[in-house]
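Visitor: Hi! Could we go through this one together, starting with the charged side chains?
Guide: Happy to, let's bring it up.
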Amino acid sequence: MDRTFSETLLALRLGRNLSQRTVAAELGISQPLLSHYEKGTREPGLNFVCRACDYYGVTADYLLGRASHPGDLSLRESRAFLAGLRGALDRAEEALNTIEGEKP
């Protein structure tokens with residue numbers, strides 16, 4: 001990816017037309033600290049990254065610049081989603097087979 005954590009964090013805030021003061025208060029940090037994160041002069045801990053992801057509704061991969069879309073699924077999430085689909089398809093096929101077997 002061509003963007004950094006600080007660039008993404010800033011873009012998310014500006015894209016929602018929010019002030020640093022508002023976001024900082026909602027994320028439980030000071031406005032100057034948020035400013036440092038957005039400028040890239042300080043790096044946050046994992047706890048802040050998690051809170052920011054929840055606040056903005058994006059994945060950590062997106063926030064860290066590792067994914068191009070805010071809602072990209074991780075490989076594990078993609079596999080879990082696929083497994084759920086396979087299970088649903090299996091159940092649907094069983095239901096159809098049951099209905100088919102009941103016809104005279």
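Visitor: Which side chain does Arg 66 meet in a salt bridge?
Guide: Asp 61, at 3.1 Å from N to O. A salt bridge here is a side-chain nitrogen of Lys or Arg within 4 Å of a carboxyl oxygen of Asp or Glu. One caution: this is a predicted model, where local features need pLDDT of at least 70 and side-chain atom pairs count only at pLDDT 80 or more, while totals for chains, interfaces and linings use all residues. Residues are numbered from 1 along each chain as its sequence is written, and side-chain values use heavy atoms, with hydrogens and water left out.
Visitor: Is Arg 66 buried or exposed?
Guide: Arg 66 is exposed at 61% relative accessible area, and Asp 61 is partly exposed at 31%. The cut-offs are under 20% for buried, over 50% for exposed and in between for partly exposed (1.4 Å probe, protein chains only).
Visitor: How many salt bridges are there in the whole structure?
Guide: Two. Arg 13 and Glu 38 also pair through their side chains, at 2.7 Å from N to O. Arg 13 is in helix 1 and Glu 38 in helix 3 (residues 31-39), so this pair ties together parts 25 residues apart in sequence. Helices are DSSP runs (H or I, at least four residues), numbered from the N terminus.
Visitor: And how accessible is Arg 13?
Guide: Arg 13 is buried at 8%, and Glu 38 is buried at 7%.
Visitor: New topic: what does Ser 6 touch?
Guide: Leaving out residues up to four places away in sequence, Ser 6 touches Tyr 37, Glu 38, Lys 39 and Gly 40, with contact meaning heavy atoms within 4.5 Å.

How values were computed
Helix = DSSP H or I, 4+ residues; strand = E, 2+ residues; numbered from the N terminus.
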